[in-house]
Amino acid sequence: MAGEEINEDYPVEIHEYLSTFENSIGTVDEMLKTMMSVSRNELLQKLDPLEQAKVDLVSAYTLNSMFWVYLATQGVNPKEHPVKQELERIRVYMNRVKEITDKKKAGKLDRAAASRFVKNALWEPKPKNASKIANKGKSKS
């Protein structure tokens, strides 16, 4: 930014914000070029269905977010535009995919092993007759 020339078409206070925005746009552009360098079919063939869903959802969310920004730059309130509902719909599906992923990561319960563990860990009182029988044997000795 030191070598950048400040344009007088906008207030100096927002120069840093605009520079950051320009850098972010450049990063997005690089990512899009990388994604577009591989055909969608090639990409999806290498992924399992859950990963395919993630790619599709992230792509849809990104495009709608970029449209949100476009609307804002055109003076249209994106909160009053159908794009808001679309972003919310995509977010709901992203949460569903996250739940599925979390369920896959969760540990599996071996019920039989858990039952044996609990059964062996529990204290079992001795029958009342067993203590009397044990005492009788000791007194005779």
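The protein chain of this predicted model has a mean pLDDT of 83, and 85% of its residues reach 70 or more. Among the elements of the chain, the lowest and the highest mean pLDDT belong to two helices, listed here.

| Helix | Residues | Mean pLDDT |
|---|---|---|
| α6, lowest mean pLDDT | residues 128-140 | 59 |
| α4, highest mean pLDDT | residues 83-105 | 94 |

**Helices α3 and α4**

Helix α4 packs against helix α3, which spans residues 49-73: their axes come within 10 Å and cross at roughly 155°. Because angles over 145 degrees count as roughly antiparallel, α3 is roughly antiparallel to α4. The crossing of these two helices is left-handed.

On the α3 side, the contact is made by L50, A53, K54, L57, V58, A60, Y61, N64, S65, F67, W68 and L71. On the α4 side, the residues are V83, K84, E86, L87, I90, R91, Y93, M94, V97, I100, T101 and K104. Sorted by class, the contact of α3 with α4 has 16 nonpolar, three polar and five charged residues.

**An aromatic pair**

How many aromatic pairs does a search of the whole structure find? The search finds one. The pair is formed by F67 and Y70, whose ring centres are 6.1 Å apart, with 25° between the planes. This pair is stacked, because planes under 30 degrees apart count as such. F67 and Y70 are three residues apart in helix α3, so about one helical turn separates them. F67 is also among the α3 residues that make the contact with α4.

Conventions
Residues are numbered from 1 along each chain as its sequence is written. This is a predicted model: local features need pLDDT of at least 70, side-chain atom pairs count only at pLDDT 80 or more; totals for chains, interfaces and linings use all residues. Side-chain values use heavy atoms; hydrogens and water are left out. pLDDT is the predictor's confidence in each residue, from 0 to 100. Helices (H or I, at least four residues) and strands (E, at least two) are DSSP runs, numbered from the N terminus. Axes are lines fitted to C-alpha atoms, for helices over the stretch in contact, and angles run from 0 to 180 degrees between N-to-C directions. Angles under 35 degrees count as roughly parallel, over 145 as roughly antiparallel, 65 to 115 as roughly perpendicular and the rest as oblique. A crossing is left-handed if the near helix is turned anticlockwise from the far one by less than a right angle, and right-handed if clockwise. Contact means heavy atoms within 4.5 Å. Ala, Val, Leu, Ile, Met, Phe, Trp, Tyr, Cys and Pro count as nonpolar, Asp, Glu, Lys and Arg as charged, and the others, Gly among them, as polar. Rings of Phe, Tyr and Trp (its six-membered ring) pair if their centres lie within 6.5 Å; planes under 30 degrees apart count as stacked, over 60 as edge-to-face and the rest as tilted.
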